Amino acid sequence: MTQTAGPAPRSFVDELKDGITPRATLLVVGVLALQLLFIASYVGALHHPKLRDVPFGVVAPRAAAAEQAVDRLERLPGEPLDPRTVTDRTAARERILDREIDGALLIDPAGTTDTLLVASGGGRSLATALATLVTALERSEGRALRTVDVAPADLGDANGLTSFYLVVGWCVGGYLCASALAMSAGARPTNIRRGIIRLGALALFAIVGGLGGAVIAGPVLTALPGSVAALWGLGALVVFAVGAATLALQCVFGIAGIGVAVLLVVIAGNPSAGGALPPPLLPPFWAAIGPALPPGAGVWVARSIAYFEGNDTTGPLLVLSAWAVAGAAITVVMAALRRNPADPPSADRPADRLTD
């Protein structure tokens, strides 16, 4: 009786090829790259805070004394301040609340104590850094300094970071919602109708998420003052802007678009948003890109709503609107180009998922 030989045992290399496909390998490499970029971006942006060109006012009874002080501050090593003369205390306070300057020095030539105006609502770390710098300068001239906070951070807003965490939460909601829509039905919508449906679902999610964040940060936890309605509108815009951008990136890059969204919003956007360190304390690159990205624009508007009477929000709101409009437009156009809407939508859904 003859015995038939069983199948030859598979080698480790064969098992490895079946267990880890080239696609999976590329995804793992991409995740590793995002991880390293995450570390590099956060450590690079936040490890060495240093004042750079902080808009700063100088008030003195005599114009000559004010100009002399401005000249002295302009010549400080490293150019930490961008000083300019201001007519009086009232004007200095108004310019701080209008977010034109971040602090002001009120010189009293008749006495030995000057006054520093700061606004911790714009970032406690910036107010502290200004106080430290000006105190040292005053001490070197044998003068004392009194600090007045004209827009103090709320008691429930530890270190002035609530606005940052709130906006980060809205951003996370935006790209996770868009990612969930992609995972459930393919990264690229197969026709224009489905693209519009996704945008509609995202808009509804943004409205609910914006309201939830505003209520939690405001009335529930009393962590952030300001109009709940204004914060709700901001939240809805932030969520939709980030979500629409993520949908657009998925239409262009497939499922890898989620990684591109993480790169833009988390790796580039969060460290440059001005949360832990406001823009004047960030390295030049991060200070430059922050206002153009959703987290930075959102944090600026949230702080303006909470502490600065809603001032100076037009530019950041236009930035968020541009992200929202561009993301929605690209999603609709790419969906329209994806295939003929008259074709049966179910015919290539599995293929769509595989290729994405």
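Where is the place of E309? The third view below gives the answer.

This is a predicted model, in which local features need pLDDT of at least 70 and side-chain atom pairs count only at pLDDT 80 or more, while totals for chains, interfaces and linings use all residues. Residues are numbered from 1 along each chain as its sequence is written, and side-chain values use heavy atoms, with hydrogens and water left out.

**View 1. Helices α8 and α9 cross at roughly 140 degrees.** Helix α8 spans residues 228–253 and helix α9 spans residues 257–269, and their axes come within 7 Å. In α8, V242, T246, L249, Q250 and F253 meet G257, I258, V260, A261, L264 and V265 of α9 (contact means heavy atoms within 4.5 Å). By class, this contact has eight nonpolar, three polar and no charged residues.

**View 2. Q250 lies in helix α8.** Q250 is buried, its relative accessible area being 0% (buried means under 20%, exposed over 50%, partly exposed in between, with a 1.4 Å probe and protein chains only). A polar atom of the Q250 side chain lies 3.4 Å from the backbone oxygen of A178.

**View 3. E309 is placed in the loop between α11 (294–307) and α12 (314–338).** Phi of E309 is near 60 degrees, a positive value in a residue other than glycine. E309 is exposed, with a relative accessible area of 63%.

**View 4. D312 also lies in the loop between α11 and α12.** Although D312 is not a glycine, its phi is positive, at about 55 degrees. D312 counts as partly exposed, at 40% relative accessibility.

Conventions
Axes fitted to C-alpha atoms, helices over the stretch in contact; angles between N-to-C directions. Helix = DSSP H or I, 4+ residues; strand = E, 2+ residues; numbered from the N terminus. Nonpolar A, V, L, I, M, F, W, Y, C, P; charged D, E, K, R; others polar. Polar contact = N/O pair within 3.5 Å; in protein donor to acceptor, adjacent residues only side chain to side chain.
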